[in-house]
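Work through the exercises below with the sequence and the model open beside you. Try each task before you read its solution.

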Amino acid sequence: MKHSKIAIIGAGSVGSTTAYALILKSIAAEIILIDIDEPRCHGEILDLSDALTFDGSSKIRSGSSADAAQADIIIIAAGRAQKPGETRRELLTTNKKIIADIFATIKPINPAAIIIMVTNPVDPLTALAQSISDLPIHQVFGTGTFLDTLRLRGHIAEKFNIARESIHAYIIGEHGDSQCVAWSSAEIAGTPITQFPDMHEKNFEAIAQKVKNIAYDIIACKGSTHFGIATCVAKICNAIVFDQKLIMPLSTYIKDYDVVFSMPVVVGENGIEKIIPIPLNDNERKNLELSAEQLKIVW
Ligand SMILES: NC(=O)c1ccc[n+]([C@@H]2O[C@H](COP(=O)([O-])OP(=O)(O)OC[C@H]3O[C@@H](n4cnc5c(N)ncnc54)[C@H](O)[C@@H]3O)[C@@H](O)[C@H]2O)c1
């Protein structure tokens, strides 16, 4: 185990639930929680400390920018979340400033640190973090379409009554409205999903649309989403800490499209160790190019 001091900047719903997921899975030796709202941060630490009762392998405490800068993994979940009906891209102006302010305070950063961006819109903000962190870009990436991909696998799993882990399918591109499902490479036990008799074009579109709208549905009902993303972040940390070489779609610079968005990547102790160029048909490639164009306009 190489990395086990994990700093979480932003102790709101996403940051504190991520700390909880890390505690339950005993992934971090030490968790440092940081927020400009100090009473909230203090309260979250007291509450999370109660979750350590049955497993003393993690410690949790508040920290300074200097602590965060020297952590092995730095998770950034600070910033404004979507209001009902609001798109992720509408958060850019506010959250760009928050991310720039945070990076101004956490310098110099541990040269071996891995930074995981969670704040939305995650693709442009990962691009920002890659450009201002002074770290190699394989050490700075965003959660991207990992959560969308797990949601997609959940839908397919339900449709075929097969465990999610046995579904190989990816959502790539923007973590947002222009995301693309790579249907042509989706498979179950080596059989392309497109060849299953009850999978028609109509099903593909309906599933893709449903998955894309889940965040909007959750936010409309309860105001924010945090359990799913916290589980994803804990899974990424686990892949780093235990050098798992796990493949998941994360947000990073993709040279072929000259943009930061999601592709399947291999994650291990050095961060993103390889980008896997997923095979796409003409239509999917066109959609991915459109996703890249839209992100370039936003950025
Ligand atoms: N990538 C994903 O898949 C995904 C999923 C869910 C939410 N998110 C994003 O995560 C972010 C956080 O969402 P949330 O629901 O936890 O919001 P929240 O409002 O509950 O928490 C945000 C926290 O950030 C803190 N903060 C603001 N500026 C700060 C700064 N400069 N330094 C330290 N802390 C600061 C606030 O005080 C607050 O506690 C949002 O941008 C949201 O859109 C991303």
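**Exercise 1.** Which residues in helix 6 meet which residues in helix 8?

*Solution.* Before starting, note that this is a predicted model, in which local features need pLDDT of at least 70 and side-chain atom pairs count only at pLDDT 80 or more, while totals for chains, interfaces and linings use all residues. Residues are numbered from 1 along each chain as its sequence is written, and side-chain values use heavy atoms, with hydrogens and water left out.

Step one is to find the elements: helices (H or I, at least four residues) and strands (E, at least two) are DSSP runs, numbered from the N terminus. Step two is to look for contact, meaning heavy atoms within 4.5 Å. From helix 6, Phe146, Leu147 and Leu150 take part, and they meet Gly228, Ile229, Cys232, Lys235 and Ile236 of helix 8. Step three sorts these residues by class, which gives 6 nonpolar, 1 polar and 1 charged; here Ala, Val, Leu, Ile, Met, Phe, Trp, Tyr, Cys and Pro count as nonpolar, Asp, Glu, Lys and Arg as charged, and the others, Gly among them, as polar.

**Exercise 2.** At what angle do helix 6 and helix 8 pack, and how are they therefore oriented to each other?

*Solution.* The axes are lines fitted to C-alpha atoms, for helices over the stretch in contact, and angles run from 0 to 180 degrees between N-to-C directions. Helix 6 (residues 146-160) packs against helix 8 at about 110 degrees, with the axes 9 Å apart. Angles under 35 degrees count as roughly parallel, over 145 as roughly antiparallel, 65 to 115 as roughly perpendicular and the rest as oblique, and the two helices are therefore roughly perpendicular.

**Exercise 3.** Describe how helix 1 lies against helix 8, and name the residues in contact.

*Solution.* The axes of helix 1 (residues 13-24) and helix 8 (residues 227-241) come within 8 Å and cross at roughly 50 degrees, which means that helix 1 is oblique to helix 8. On the side of helix 1 the contact involves Val14, Thr17, Thr18, Ala21 and Leu22, and on the side of helix 8 it involves Phe227, Ile229, Ala230, Val233, Ala234 and Cys237. By class, 9 of these residues are nonpolar, 2 are polar and none is charged.

**Exercise 4.** Which residues are closest to the ligand?

*Solution.* A residue is counted here if one of its heavy atoms lies within 4 Å of the molecule. The ligand is surrounded by 25 residues, and the closest are Ser13, Val14, Asp35, Arg80 and Val118. Next, look for polar contacts, which are pairs of N or O atoms within 3.5 Å (within protein, one must be able to donate a hydrogen and the other to accept it, and residues adjacent in sequence count only if both atoms are side-chain atoms). A polar backbone atom of valine 14 is 2.8 Å from an oxygen atom of the ligand, and an N or O atom in the side chain of aspartate 35 is 2.6 Å from an oxygen atom of the ligand. A nitrogen atom of the ligand lies 3.1 Å from a polar side-chain atom of threonine 143.

**Exercise 5.** Where do proline 108 and proline 121 lie?

*Solution.* Proline 108 is in the loop between helix 4 and strand 5 (114-117), and the peptide bond from lysine 107 to proline 108 is cis, with omega near -5 degrees. Proline 121 is in the loop between strand 5 and helix 5, where a cis peptide bond with omega about -5 degrees joins asparagine 120 and proline 121.
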